[in-house]
Amino acid sequence: MTTQVQYQPDPGTLVAYHRALAEHADGLKTYAARMLGDATAAEDVSQDAFLALYRHLHQVPAAAYRPWLYRVARNLCLDQLRRRKFKLSLFRDLGGDDDNPFTPRDECAAPADQIAQAREANVAIERAIQELPAKFRDAFLLCEVEGMSYEDAAAVLGCPVKTVSTRLFRARQRFKSLVSRLIKV
Amino acid sequence: MNCRTSQHELSQCLDGRLPSGRRAAVMEHAAGCQQCTAFWQELQQAQELILRLPRQRTGPEFREGLWQRIQSGEGTPPAVFQEPVPVATKIRYLATGAAAAALLLVAWRFATRDGGTPEQTPLTHLPRVANEGAGVAPAPGRLQPRPQPVDPVGTVPTGLLAAIEPLTPNLMAREAALQFNTHLTSANDYARQLQPRGQEPVTDPDHNARRLCEQAGEMTRLGRVLLDLQAYQHVSFSEPVADELKLVVDQLDERTLARHEPAAAAGSIVMVLPRLRHVGRLAEEIRGKLSYSCQELDVFQMRLAKHPEVLQLLFASGMELGPVERFSLSIRQGDCGPNAVLVAPRSRLSILSIQLMPKPK
């Protein structure tokens with residue numbers, strides 16, 4: 001049983017909320033998209049997470065917005081996956097599918113063969129991420145991809161900081177071997 | 001230093017997690033080890049690949065859609081707080097004797113509902129405790145139970161088992177905070193009774209002084225529970241509130257007060273009460289975690305099992321059921337939160353909260 005409380009945040013809290021929206025919306029959607037393999041569903045999950053944060057602004061300190069949002073997004077994604085038994089076809093959406101355009105980091109115009117090469121590399125990288133064992137992938141997505149601190153990742157995953165460090169190390173070992181042909185040493 | 005340790009620490013170096021001295025040692029090892037040098041370079045290159053991955057973008061329609069949902073009053077999506085529970089943990093909870101005993105208890109209640117008298121049915125004892133004047137005297141110094149909207153005397157509480165879940169620090173803290181505030185209100189009332197009003201003598205000063213000391217004692221015990229929960233980072237409240245709780249625990253310690261006559265002890269308490277300006281907001285202000293990991297609940301429940309006096313403090317004993325199978329059970333009721341807390345101290349993770357709901361008519 002829950003009761004919905006119409007909460008009016010104070011101006012300071014509202015400013016912090018807007019800042020969080022500006023700073024974390026894209027990252028949250030990217031994270032959710034990798035969890036679900038669907039950019040549209042990821043946008044819904046991100047919006048749900050921010051909506052939940054708004055409803056609980058009186059409970060969550062501003063410094064904890066980011067891990068709180070990611071933890072909520074993770075719960076929502078896992079719930080969807082449980083209900084839909086979704087098969088991840090991540091690289092289809094994030095590898096540069098024309099139906100679902102994304103914004104590449106480097107927006108300078110490049111020759112077509114380079115774009116194709118980059119796209120192929122991205123598909124391989126995304127596939128490698130998906131092949132990581134689930135626990136390692138969780139830590140990898142949060143720390144390596146989203147740049148989260150060990151402490152924040154530990155708060156999202158509900159495990160100790162040392163566990164995050166170990167899982168991240170193992171994820172990096174595994175990932176490195178999966179993308180070895182893309183790494184020239 | 002072996003390569004396995006070195007490589008783990010190189011991974012931490014990448015995130016700036018190693019102190020400079022340790023980092024220097026790791027880099028020195030890596031410089032002299034071909035395997036670790038290659039590992040370090042591959043780590044950095046792999047990270048470069050990740051940084052080049054495209055990111056999703058949210059457009060203006062994302063914000064517009066979000067504000068529309070906020071303004072329409074849309075509530076929190078239900079799955080927000082649904083933490084995934086490992087299968088092994090679910091099996092463990094289901095297999096605990098407490099859960100089985102709780103189901104036995106409910107089955108027993110429904111089986112005896114029509115034939116048994118309310119006095120004999122365990123769960124009817126709960127609303128009797130909850131109804132003022134229903135014949136169950138609270139223990140000395142304890143709160144009057146909060147009346148519940150149930151049928152009058154003799155009617156079986158038409159309860160449906162709504163949820164069985166582990167007792168959480170959050171729930172305990174809310175209970176403690178609510179009881180603390182109630183005792184504080186009572187203490188202030190007794191303190192006012194002890195103040196002379198003009199020419200009129202104070203009415204029954206000895207009785208009021210003793211009651212005041214009892215309230216202070218309860219506040220101290222509850223204050224310790226709350227500060228303990230805060231120390232373990234299970235709950236949080238503001239610094240002024242924490243300071244006042246510490247003041248209560250230090251100054252109104254029952255062993256200190258017990259050394260004095262009630263009147264003198266009451267005098268000390270009366271000096272402290274006006275300094276408690278923020279702690280009255282405790283019940284509204286206290287914040288618990290949204291969810292607890294299995295490890296946190298394990299630790300919490302093991303500590304609680306070692307300190308049964310805390311449960312006795314917070315949840316007035318409603319019914320001791322005695323041994324049921326391998327467990328001794330009691331159902332205890334608090335003033336808020338669940339209707340009952342089931343305690344089966346001989347089994348692990350068996351301190352559960354049970355929420356009962358009236359049957360729909």
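## Basis of the description

Because the model is predicted, local features need pLDDT of at least 70 and side-chain atom pairs count only at pLDDT 80 or more, whereas totals for chains, interfaces and linings use all residues. Residues are numbered from 1 along each chain as its sequence is written, chains are lettered from A and ligands numbered from 1 in the order in which they are written, and side-chain values use heavy atoms, with hydrogens and water left out.

## Overall make-up of chain A

Chain A contains 8 helices and 0 strands. Helices (H or I, at least four residues) and strands (E, at least two) are DSSP runs, numbered from the N terminus. The order of elements along the sequence is α-α-α-α-α-α-α-α.

Of the 185 residues in chain A, 54% are buried. Buried means under 20% relative accessible area, exposed means over 50%, and partly exposed lies in between (1.4 Å probe, protein chains only). Among the contacts in chain A with a separation of 6 or more, 69% are between residues 24 or more positions apart. A contact means heavy atoms within 4.5 Å.

## Helices H7 and H8 of chain A

Helix H7 (residues 150–157) and helix H8 (residues 161–178) of chain A pack at an angle of about 100°, with their axes 8 Å apart. Axes are lines fitted to C-alpha atoms, for helices over the stretch in contact, and angles run from 0 to 180 degrees between N-to-C directions. H7(A) and H8(A) are therefore roughly perpendicular to each other. Angles under 35 degrees count as roughly parallel, over 145 as roughly antiparallel, 65 to 115 as roughly perpendicular and the rest as oblique. From H7(A), the residues A:Tyr150, A:Glu151, A:Ala153 and A:Ala154 meet A:Val161, A:Val164, A:Ser165, A:Leu168 and A:Arg172 in H8(A). This contact of H7(A) with H8(A) has 6 nonpolar, 1 polar and 2 charged residues. Ala, Val, Leu, Ile, Met, Phe, Trp, Tyr, Cys and Pro count as nonpolar, Asp, Glu, Lys and Arg as charged, and the others, Gly among them, as polar.

Helix H7 of chain A also holds A:Leu157. With a relative accessible area of 14%, A:Leu157 is buried. Its C-alpha atom is 6.9 Å from that of A:Arg71, although A:Leu157 and A:Arg71 are 86 residues apart in sequence. Not counting residues up to four places away in sequence, A:Leu157 touches A:Arg74, A:Asp138, A:Ala139 and A:Leu142.

## Helix packing between the chains

H8(A) also meets helix H3 (residues 34–51) of chain B: their axes come within 10 Å and cross at roughly 85°. H8(A) and H3(B) are therefore roughly perpendicular to each other. H8(A) contributes A:Phe169, A:Arg172, A:Gln173, A:Phe175 and A:Lys176 to the contact, and H3(B) contributes B:Phe39, B:Glu42, B:Leu43, B:Ala46, B:Gln47 and B:Ile50. The residues of this contact of H8(A) with H3(B) divide into 6 nonpolar, 2 polar and 3 charged.

## Aromatic pairs

Over all chains there are 8 aromatic pairs. Rings of Phe, Tyr and Trp (its six-membered ring) pair if their centres lie within 6.5 Å; planes under 30 degrees apart count as stacked, over 60 as edge-to-face and the rest as tilted. One of the pairs, A:Tyr17 with B:Trp67, is edge-to-face, at 5.9 Å centre to centre and 70° between the planes. A:Tyr17 lies in helix H1 (residues 11–36) of chain A and B:Trp67 in helix H4 (residues 60–71) of chain B, so the pair joins two chains. Both A:Tyr17 and B:Trp67 are buried.

A:Tyr31 and A:Tyr70 form a tilted pair, with 5.3 Å centre to centre and 55° between the planes. A:Tyr31 lies in helix H1 and A:Tyr70 in helix H3 (residues 65–84) of chain A, so the pair ties together parts that are 39 residues apart in sequence. One aromatic cluster is formed by A:Tyr17, A:Phe50, A:Tyr54, B:Phe62 and B:Trp67.
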